Amino acid sequence: MNDVSHEAHMGLVSGAPIAVIDIGSNSVRLVVYERLSRSPTPIFNEKASCGLGREVATTGRLNPDAVAKALSTLKRFRVLCDRMGVGRLFVLATAAARDAANGPEFVAACADICRTEVGLLSGKREAQLSALGVLSGVHHANGVVGDLGGGSLELADLHGQRIGSGVTFPLGGLALQDTSGRSLKKAAKIVKDALARETHLEHLKGRTFYAVGGTWRALARLHMFQRGYPLHVMHGYIIPAREALEFVRLVQRVPVDTLSRIETVAEGRRQLLAYGALVLEQILRVGKPANVFISAQGVREGLLYELLDEEERVIDPLVAATAELNEVRSRSPKHGWELVEWTDRFMASSGIDEGVEEKRLRHAACLLSDISWRAHPDYRGEQSLNLITHAAFIGVDHPGRAFLGLAIYYRHVGLIDEDLSPRIRELVSARILDRARILGAALRVGYILSAAMPGTLPTAPLAVDHGKLVLKLQGDLAPLGGERVANRLRTLARLIGREPLIVT
């Protein structure tokens, strides 16, 4: 985790909204972000299914009806951007526009409507931006990024901050539907021939495949609902490779409308599911990854990440997001940062093994610990758990989300599990659940001492000393050591197997 000060984060929370219009082969989408930051938050997101890529592979031209629908959509999006006070608008066009003979004419019309230049992305550039999008939203990524659109598939290797050269294939859902004459058997052969000896996939074995694109997100959503998964957040949803392979075979084998929970997928997307499934099957067969990671971050987010300067790029996106929530929702933002240092000292002295990732999550939890103070006291724990587990965070997986939510839940309600959904606890290991309980108990001590105001915790250290959990309340802080503080300290001490002691 990058240690970033409270003051450093304040530089990332200013500026006008920034927007990206993505003119894809299947849909045209506008996303408006609150501002350019390390963890950009969408404030508006709308798409229209225009089908620009339909029949391009066989006719070589964009369909007139699809063009008309896309241009009408862009007129609406331009007005929305004006009404929302967007400071900068970026317009990107991908496979359909670059492959069609009448693509240049269409791109020129788009530029006139949007009143800005349209970036016509090459396949390699699209692969690079997709990889940057995954890099921006995944902590320590290591694998291959695959972005499946309506017209094409882009692949790029990603290891830490290093992005390999990208490649592109005409294997998007609409393109396959077109070139195969709507025959899945023919489409499967096209995909197999294209990817059989792809070098990017040769280096995927045992690593992660990062799936980007609406069709793969729809497949993942279907899988998520079929298994009754408790957290309906797409980014960071992970499917073991063997399970993913069995599922995509099922999607290809049966009529789409007979699939369980198919109603969770938009009708316009359903007919492309089987084509997305057969592409993913071939990637899994050839590449043999350990798992499939669903990324909600792609080309748009990659473009925004590229706009940041080097100093902003290295900021941990989870800490950036939690710092902003701390700033706008806590009684005292400075107190959140004091909790980070106060719990640092406690954990370092406790003898509890804490990994780098666990420390990073603990810091984020401290910054989130007071975001529900305006709620009724009886519902602060429940509201915190709901807000945190479903927040638009990046840079955290689903077990990490569950840890953050559980720690703050315990901070509000104590170590009471009766009203807690057992499905949320299923997302974390016994070790992580234990850490959430310990942190929640420590935060309960910190808040009863400080009343959520800054200045107290730095002079009231909590640490294990000579086998005892010692809270020092000296000088004018001595009267703070009342019965409620003693009770909460006793609970925390019991969790870590120590005797409590208040030194005044």
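## Nonpolar cores

The largest nonpolar core holds 106 residues, and Leu153, Phe209 and Trp216 touch the most other members. A nonpolar core here is a set of buried Ala, Val, Leu, Ile, Met, Phe, Trp, Tyr and Cys residues joined through side-chain atoms within 4.5 Å. Buried means under 20% relative accessible area, exposed over 50%, and partly exposed in between, with a 1.4 Å probe and protein chains only. Helix H22 (residues 430–450) gives the most to this core, with eleven residues. Helices (H or I, at least four residues) and strands (E, at least two) are DSSP runs, numbered from the N terminus.

Leu153 has contacts (heavy atoms within 4.5 Å) beyond four places in sequence with Gly146, Asp147, Leu148, Val167, Thr168, Phe169, Leu171, Gly172, Leu195, Trp216, Val279 and Ile283. A second, separate core has 32 residues, including Ile23, Val28, Leu74 and Phe77.

## Basis of the values

This is a predicted model, with residues numbered from 1 along each chain as its sequence is written. Local features need pLDDT of at least 70, side-chain atom pairs count only at pLDDT 80 or more, totals for chains, interfaces and linings use all residues, and side-chain values use heavy atoms, with hydrogens and water left out.

## Helix H16

Helix H16 covers residues 317–329. Its 13 residues should span 18 Å at 1.5 Å a residue, and the end C-alpha atoms are 18 Å apart, so the two values agree. The expected span is 1.5 Å times one less than the number of residues. At the start of H16, a side-chain oxygen of Asp316 comes to within 2.9 Å of the backbone nitrogen of Leu318.

Buried residues in H16 are Pro317, Leu318, Val319, Ala320, Ala321, Thr322, Ala323, Glu324 and Asn326. Val328 also belongs to H16. Val328 is exposed, because its relative accessible area is 65%. Val328 and Ile371 are 43 residues apart in sequence, but 8.3 Å apart in space, C-alpha to C-alpha.

## Cavities

Rolling a probe the size of a water molecule over the atoms shows where empty space is left. The search runs on a 1 Å grid over the protein atoms alone; a cavity is a set of points where a 1.4 Å probe fits but cannot get out, and a pocket is an open set with protein on both sides within 12 Å along at least five of seven lines. Lining residues have an atom within 4 Å of a point. Points are joined across faces, edges and corners, and a volume is the space filled by probe spheres set on them.

The whole structure has five cavities of 30 Å³ or more.

## Largest pocket

The largest pocket has a volume of about 820 Å³. Of its 29 lining residues, Asn45, Arg217, Met234, His235 and Ala296 lie nearest the centre. S2, strand S3 (42–49), H10 and H14 each supply at least two lining residues. H10 gives the largest share, four residues.

## Positive phi

Most residues other than glycine have a negative phi. Arg115 has a positive phi, near 60 degrees. Arg115 sits in the loop between helix H5 (103–114) and strand S5 (118–120). With a relative accessible area of 54%, Arg115 is exposed.

His140 also has a positive phi near 60 degrees. The loop that holds His140 runs between helix H6 (123–137) and S6. His140 is exposed, at 67% relative accessible area.

Methods. A polar contact is a pair of N or O atoms within 3.5 Å; within protein, one must be able to donate a hydrogen and the other to accept it, and residues adjacent in sequence count only if both atoms are side-chain atoms.
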